[in-house]
Amino acid sequence: MNSEELAAQEAGQVINPETPAAVAEETAAAETPATVEATSADEQAENVPADQDVQFPILKSKEAVLARAQEIATSEEGSDRQELDMLKQLFYKFRKAEQMTERAAFIEAGGEAEAFMPQLDLCEENFKAVMQTIRQRRAEQQAEQDRIKQENLERKLAIIERIKEMMTASPEEANKSYEEFRALQAEWKEIKAVPAENATELWKNYQLYVEQFYDLLKMNSEMREYDFKKNLEAKTRLCEMAEKLAEETDVISAFNQLQGLHQEYKEIGPVAKELREEIWNRFKAASTVINKRHQDHFLAIKEKEEENLSKKTALCEQIEAIDTAELKNFADWNAKTEQIIALQAEWKTIGYAPQRMNTQIFERFRAVCDKFFQEKAEYFKNVKNELNENMAKKTALCEKAEALKDSTDWRATGDQLIQLQKEWKAIGAVPHKVSEALWKRFISACDHFFEEKQKATADQRNEEKENMAHKQAIIEQLQALAENPGQNDTAQRVKELQAEWNSVGHVPFREKDNLYKKYRAACDALYKQLNLSAQSRRLNSFKSNLKANVSEGTTSLSREHNRMMRAYEALRAEIQTYENNIGFLTANSKKGNSLVDEMKRKVEKQKEELNLLAQKIKAVEQEMKKAEA
């Protein structure tokens with residue numbers, strides 16, 4: 001390895017070209033996403049960088065953040081960029097939480113979500129002013145540092161130029177200039193940072209000319225050998241320390257310590273030419289071990305962050321898959337709310353995502369959560385409006401019921417109250433806090449009326465019960481007549497019992513239809529018996545008259561037969577017409593039912609008459625056959 005290559009390696013360049021500088025840079029930046037639902041300062045503080053409790057104080061309110069910013073602004077010490085970023089993120093996270101609380105209170109008070117305007121925050125204005133002061137101060141400090149670095153660069157360039165001049169002299173003159181050379185080396189070490197873009201090239205040139213000057217020395221070879229020996233001892237010690245770092249459990253600490261050793265290695269002068277490559281390779285090998293561990297550590301972090309990104313993406317997709325259109329009631333919304341809160345709790349247990357995606361994935365998660373809770377707020381607002389409308393409707397029903405409760409028009413008012421109760425059932429829910437009181441108000445008015453009605457109609461109900469017993473006795477008498485046919489006075493007795501039935505007053509409404517059905521059945525049975533008996537008498541009388549008139553001849557019988565056949569066909573057509581009409585009738589009222597029943601009874605009587613007429617025709621035909629014989 002030539003001296004130029006060795007100088008370049010000793011000049012502080014990256015020891016392992018595969019060192020994950022980008023990974024280290026990414027991970028070094030703190031991840032401080034804002035919380036989705038900031039319920040307390042303690043929960044918010046959980047989202048600050050994991051090393052905040054080591055590097056920076058824990059801050060749990062925006063006032064505390066402002067106080068820390070003011071402390072930095074008035075301090076003589078320089079400000080840390082990472083801490084400033086953390087302070088800014090924390091402050092606006094706390095401010096966002098306050099605005100969310102204000103917005104929720106505004107909506108709860110009946111305001112429109114779109115009309116919400118956050119209140120002006122004096123603390124925020126102060127924070128902006130303090131941060132502006134810090135930025136100006138940092139800019140001034142940076143300008144001063146840049147000026148100092150430029151001065152240092154010029155001084156070091158002057159040192160290199162002086163060494164170059166000393167190298168043009170003869171070996172004897174170089175020996176005489178050795179003390180000046182050592183003074184220049186000491187001055188070089190005292191000079192600190194230079195602009196980063198010049199540092200590497202500057203060191204290469206300095207190291208190159210220093211080695212060339214040492215090679216030029218001849219007369220003071222003992223002193224040079226002594227320097228080489230001391231430098232070798234110093235670099236050997238650094239090698240041993242670098243090799244010892246392989247046992248360090250804290251990978252980050254080991255890497256940082258290695259950077260310090262590299263800085264110290266650069267400041268040590270050269271060793272004997274034949275040992276330069278050997279000692280450098282030893283130091284490089286020890287550095288490679290540390291760099292490899294450092295690289296593996298951040299690769300593992302990167303893999304974990306990618307895994308965290310996948311988990312957080314899955315949480316976002318779960319919430320995005322929720323279809324709020326399918327949530328129809330409070331239970332549905334509350335169930336999904338619990339699910340989202342559980343997912344938010346799970347989110348907090350997942351570590352950081354890659355820095356390039358961390359803010360983006362958090363904004364996605366926060367946006368979908370905000371969307372859900374905004375839609376929930378809108379739903380509850382609509383439900384609240386509906387509850388209020390229902391409350392107004394039920395209040396109006398209460399007022400109507402209270403206006404009717406003292407009425408003595410029992411039937412009409414009772415019907416009206418029953419209708420109001422049906423309307424009450426059709427109206428939906430009302431706010432829970434007034435639901436019971438509103439119901440008690442309504443039912444109290446209804447109960448008052450019906451209790452008064454019950455008192456007023458007690459005597460009427462007793463009379464109806466007596467009437468029911470009376471009508472039941474009439475039915476039993478009719479049934480007894482039906483069970484003993486053939487009595488001469490049956491028809492007269494039936495007429496008397498029917499007249500008595502009609503004279504009896506009202507019976508209990510619930511028993512009315514059942515009682516009438518029994519009465520009608522008993523009457524129908526008696527009518528049937530009486531009709532059969534009358535028909536028999538009429539047929540026998542007809543046959544007797546027919547035999548008395550046989551002497552008139554078959555011509556008279558034939559005329560009678562034709563007359564009866566015409567009457568038979570006419571009666572049958574009339575029956576058919578009635579039956580067709582009954583089929584088309586719809587009886588939705590009591591009056592309609594009575595008409596249909598009356599027509600059916602008439603048809604039955606006509607059928608009986610048709611049957612009697614058929615028997616008479618048959619008797620005429622028999623007499624005609626006898627006359628012909």
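H15 (355–404) hands over the largest share of the lining of the second largest pocket, 13 residues; helices here are DSSP runs of at least four residues (H or I), numbered from the N terminus. A pocket is an open set of points on a 1 Å grid over the protein atoms alone, where a 1.4 Å probe fits, with protein on both sides within 12 Å along at least five of seven lines, and lining residues have an atom within 4 Å of a point. The model is a predicted one, with local features needing pLDDT of at least 70 and side-chain atom pairs pLDDT 80 or more, while totals for chains, interfaces and linings use all residues. Residues are numbered from 1 along each chain, and side-chain values use heavy atoms, leaving out hydrogens and water.

In total, 33 residues line this pocket, and Arg-103, Ala-104, Ile-107, Phe-373 and Ala-377 sit nearest its centre. Besides H15, H6 and helix H17 (432–456) each give two or more residues to the lining.

H6 (residues 81–108) also pairs up with H5 (residues 62–74): their axes, lines fitted to C-alpha atoms over the stretch in contact, come within 9 Å and cross at roughly 155°. Angles run from 0 to 180 degrees between N-to-C directions, and those over 145 count as roughly antiparallel, so H5 and H6 are roughly antiparallel to each other. Contact (heavy atoms within 4.5 Å) is made by Lys-62, Val-65, Arg-68, Ala-69 and Ile-72 of H5 with Glu-83, Leu-84, Leu-87, Leu-90, Phe-91, Phe-94 and Glu-98 of H6.

Note on methods: Parallel < 35°, antiparallel > 145°, perpendicular 65-115°, else oblique.
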